[in-house]
Amino acid sequence: MQRRIDGDLRGWGQALIGRLLKACLDRDIELLLETSARALINTEGRITGVTVTKDGVDQTIHAERGVVLATGGFEWDEALKTTFMRGPLTAPASPPTNTGDGLKMALSAGAGLGNMTSAWWIPTLSMSGHKWPENGAPQKEVQRSLPVLIERTLPHSLMVNRQGKRFCNEANNYSALAGAFQSFDPATYDYHNLPAYLIMDSQYVGRYPIASVMPGDPLPDWIIQGADLPSLASTLGVDAEQLEATVFTFNTHAADAKDPDFGRGESAYDRFYGDRSRPGAAATLGPVEVGPFYAVEINMGALGTNGGAKTNGTAQVLDVHGEVIPGLYGAGNVISNPTGSVYAGAGGTLGPTLTFGYIAGKSAAQSENAE
Ligand SMILES: Cc1cc2nc3c(=O)[nH]c(=O)nc-3n(C[C@H](O)[C@H](O)[C@H](O)COP(=O)(O)OP(=O)(O)OC[C@H]3O[C@@H](n4cnc5c(N)ncnc54)[C@H](O)[C@@H]3O)c2cc1C
């Protein structure tokens with residue numbers, strides 16, 4: 001690790017983007033930073049360029065071989081979300097610059113749409129004081145939300161809704177969990193599982209992290225505490241009797257590493273993000289029994305939306321009649337995701353995104369219609 005720090009070596013997403021950036025620089029491709037694409041230029045039905053704005057000044061860029069839309073999803077555009085999403089997406093984990101600009105440009109060119117109700121869903125945690133850096137006036141003070149992966153999977157924790165009831169296998173795959181969070185109660189006309197609360201006991205807090213808070217760290221205000229379960233419930237506004245009953249039932253089975261209600265711990269996936277020093281399903285199951293107790297609010301977020309402009313196998317954007325829009329290509333979360341609403345596994349979003357980016361570049365370069 002020290003060698004990596006000394007050498008300023010980067011891993012994860014930075015390594016991936018660094019490689020792609022190097023490939024551009026090696027080919028003398030000019031990058032325009034802090035520059036927003038605003039509109040496509042349509043010349044007699046063919047997309048021949050794009051208008052961009054930098055420091056308030058418009059500029060036109062002509063594209064001989066085509067324009068590739070790669071502006072990400074629309075998870076930060078309230079109007080698009082309200083129109084298309086199948087349920088609440090209130091706390092995205094992605095940067096706030098993903099406002100569906102490319103989708104709007106595709107729509108203005110007559111693009112057909114697919115997969116619009118879907119996203120790479122993920123439960124998220126919003127720490128107070130954790131804001132996206134100021135990036136132009138509209139984004140000032142924008143709440144930053146973090147994916148909740150291991151916290152809902154480690155032992156000595158469970159998740160309840162506002163009624164104090166569990167509603168899912170907490171360790172389930174995060175994208176599929178959205179269905180449980182977005183369950184709609186016709187009697188109360190309400191998304192009754194939102195917000196949810198992750199409840200942890202002192203065993204959890206003594207051993208495991210909660211976002212960036214490590215065992216032994218002082219606890220910030222967004223981690224709510226209660227000496228016992230009723231006092232925690234009262235601070236959260238959750239039914240105290242029901243919470244106690246839920247925790248009692250959970251504990252009865254968790255002590256034997258079992259969860260007959262939701263099957264937590266039965267699949268290898270459930271145990272993957274758990275405490276693998278513990279055997280079998282105990283990697284994810286342990287009683288919530290030692291006070292004081294702790295809670296954090298969980299909301300529905302996304303790594304990005306994944307519906308958008310329909311494309312064919314060569315990444316060309318199709319119009320509402322399924323015909324190719326000449327000169328317009330797309331890849332990533334701005335297009336209708338090639339795997340539909342399915343998150344197929346590790347790299348399930350970056351894989352198709354990189355693949356279609358590659359295909360889009362190739363097919364634009366080989367375009368017969370290029371001037
Ligand atoms: C916290 C987090 C963890 C993730 N982990 C994983 C993982 O482990 N595995 C995996 O497969 N996926 C993961 N993802 C998802 C993955 O990062 C995205 O699905 C992927 O980055 C989408 O790629 P994209 O190129 O379509 O869009 P993005 O990567 O979102 O890039 C779009 C870019 O376009 C820019 N833009 C927007 N509008 C304009 C405009 N008008 N003009 C110019 N630029 C514009 C945006 O600022 C942004 O930089 C994660 C996402 C998050 C947020």
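Predicted model: local features only at pLDDT ≥ 70, side-chain atom pairs only at ≥ 80, totals over all residues.
Residues are numbered from 1 along each chain as its sequence is written.

View 1. The protein is divided into domain 1 (32-118 + 306-365) and domain 2 (123-302), with bounds from an automatic or database domain assignment. Their C-alpha centres lie 34 Å apart. In the interface, 12 residues of domain 1 are in contact with 17 residues of domain 2 (C-beta atoms, placed from the backbone, within 7 Å).

**View 2. The crossing of helices α7 and α8.** The axes of α7 (residues 229-236) and α8 (residues 240-254) come within 9 Å and cross at roughly 130°; axes are lines fitted to C-alpha atoms over the stretch in contact, and angles run from 0 to 180 degrees between N-to-C directions. Helices (H or I, at least four residues) and strands (E, at least two) are DSSP runs, numbered from the N terminus. From α7, L229, P230, A233 and S234 meet A240, L243, E244 and V247 of α8.

**View 3. The shell around the ligand.** The ligand is surrounded by 23 residues, of which G72, T97, D101, G332 and L350 are the closest; a residue is near if its C-beta atom, placed from the backbone, lies within 6 Å. At least two residues of the shell come from each of β1 (36-43), β11 (293-305) and α10 (350-365).

Terms used: Contact = placed C-beta atoms within 7 Å.
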